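Hi,

Here is the structure I said I would pass on. Have a look at it first, and then read my notes below.

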Amino acid sequence: MTHLRTRAVHAGQHPDPGTGAIATPISQTTAFGYGTLEHGAAIFAGEAPGYRYSRFANPTVAALEAKMADLEGAQAAVAFSSGTAATSSVLLGLLNPGDEIAFLGPLYGGTEGLFRAVGERFGIRVVDATQQGLAASLTPATRMVWVETLTNPSLRLHDLAEVAAIAKARGVLTVADNTFCTPCLVRPLAYGIDLAMHSMTKYLGGHGDATGGIVAGSVALIAPVRKTGLGHVGGNLSPQEAFLFLRGIKTLPLRMAAHCEGAAAVAHFLAGHPAVRVVHYPGLASHPQHALARRLLQGGFGGMVAFELVRNERSAAAAVLNRLQLFTQAVSLGDVDSLACHPASTTHSFVTAAVRAQNGVTEGLIRLSVGIEHPDDLMADLEHALRHAV
Ligand code: 4LM
């Protein structure tokens, strides 16, 4: 199984030995009978394999973890009830008071909010390395670097090999939030990044009907994240949700191709519209990191497009967003349905106005998650919404 399309269908899944069922059964159970006291004690001591309680591990969730470990080229993965639970479990599992986490922004507002609201409260110093650069921002206390493979919402990239090399030279762990790209476009571990993290809520599920997160990496790093995030914090994914992600991932490469095709069409359309000041899309030659995007992203530039109106005001953004008919106004992304949002008042309302300004999250910025509808219909919807915005 060398091709991602094949692995997306088959990895982690085996016909059920009891029944031959091809789809992974939903193991809807809290506990697993272990027969004898001795066997139970051996499972709890880690001396015998076996399931005991679904907060620690569950067969449906384990199949999903195996599939995602395979797609990210990792030894292991651990799933959580949301992307945010995955992020907090990485922090709580791998950092200690006095450690520093450095990030290259922008980040999803909720992630930066979590770093600051929880990390800082528990003695972890948060360093925004975006302006100064990573090498100049690392200190002897830096323990972790966090980046997004395509940033939310401004769709910037980081040279992952360079990030990994700078961090590794200083013994610092690296985490890449790969939510916007998915393993279809980039596999961070191939560039030396230690952990790939996802909000599965987005492209991996793909249908806007399940919330989950996952982290993939070496057994040595995944073990403490699992122990803390599941055993102690209890952020486990439910088996019903795991089933939906297993099903969604089977079509991920096909959906991603359609998202990329639609977003490219929409981005080019917007770039030629007189009401639009700038379009953020890594596939446009005008994107400041287009060359890096061509090198890093395989098979497309993603399904997200952000654009700023000439009239860079909230009222102008509202006038456009409120006229959209096919795009649904909502946060989240990666669904087969197209979604549109105003980051400054939603996804990035958790961070300060100064952080928004630094990251180009202006009042006239609109973010589109381009679904798999026909691009002509999406462009017609945008054309209609933008008609009065000039
Ligand atoms: C949104 N995003 O942008 P959960 N990492 C990235 C994200 O975009 C998100 C999360 C993690 C949005 C949600 C409202 C790059 C979320 C957090 O929502 O906890 O699964 O993922 O619209």
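Let me start with the domain interface: domain 1 and domain 2 bury about 3500 Å² between them, and 65% of that is on carbon and sulfur atoms. Buried area here is the accessible area (1.4 Å probe) that two parts lose on being put together, summed over both. Leu157, Leu185 and Tyr203 supply 23% of what domain 1 buries against domain 2, more than any other three residues.

A word on the source: this is a predicted model, where local features need pLDDT of at least 70 and side-chain atom pairs count only at pLDDT 80 or more, while totals for chains, interfaces and linings use all residues. Residues are numbered from 1 along each chain as its sequence is written, and side-chain values use heavy atoms, with hydrogens and water left out.

The protein chain splits into domain 1 (4-250) and domain 2 (252-386), with bounds from an automatic or database domain assignment. Their C-alpha centres are 26 Å apart. Counting contact as heavy atoms within 4.5 Å, 42 residues of domain 1 touch 43 residues of domain 2.

Arg295 sits in helix α12 (residues 290-296) and Asp159 in the loop between β4 (142-148) and α7 (160-169), 136 residues apart. Helices (H or I, at least four residues) and strands (E, at least two) are DSSP runs, numbered from the N terminus. Arg295 is exposed, at 52% relative accessible area; the classes are buried under 20%, exposed over 50% and partly exposed in between (1.4 Å probe, protein chains only).

The salt-bridge count comes to ten. One of them joins Glu363 and Arg314, with the closest N and O atoms 2.7 Å apart. Glu363 is in the loop between α14 (353-358) and β12 (365-369) and Arg314 in helix α13 (residues 314-321), so this pair ties together parts 49 residues apart in sequence. Glu363 is partly exposed at 27%, and so is Arg314 at 45%.

There is also a salt-bridge network linking Glu112, Arg116 and Glu120. Within it, the side chains of Arg116 and Glu120 meet at 3.3 Å, N to O. Arg116 is partly exposed at 30% relative accessibility, as is Glu120 at 38%.

Cheers

How values were computed. A salt bridge is a side-chain nitrogen of Lys or Arg within 4 Å of a carboxyl oxygen of Asp or Glu.
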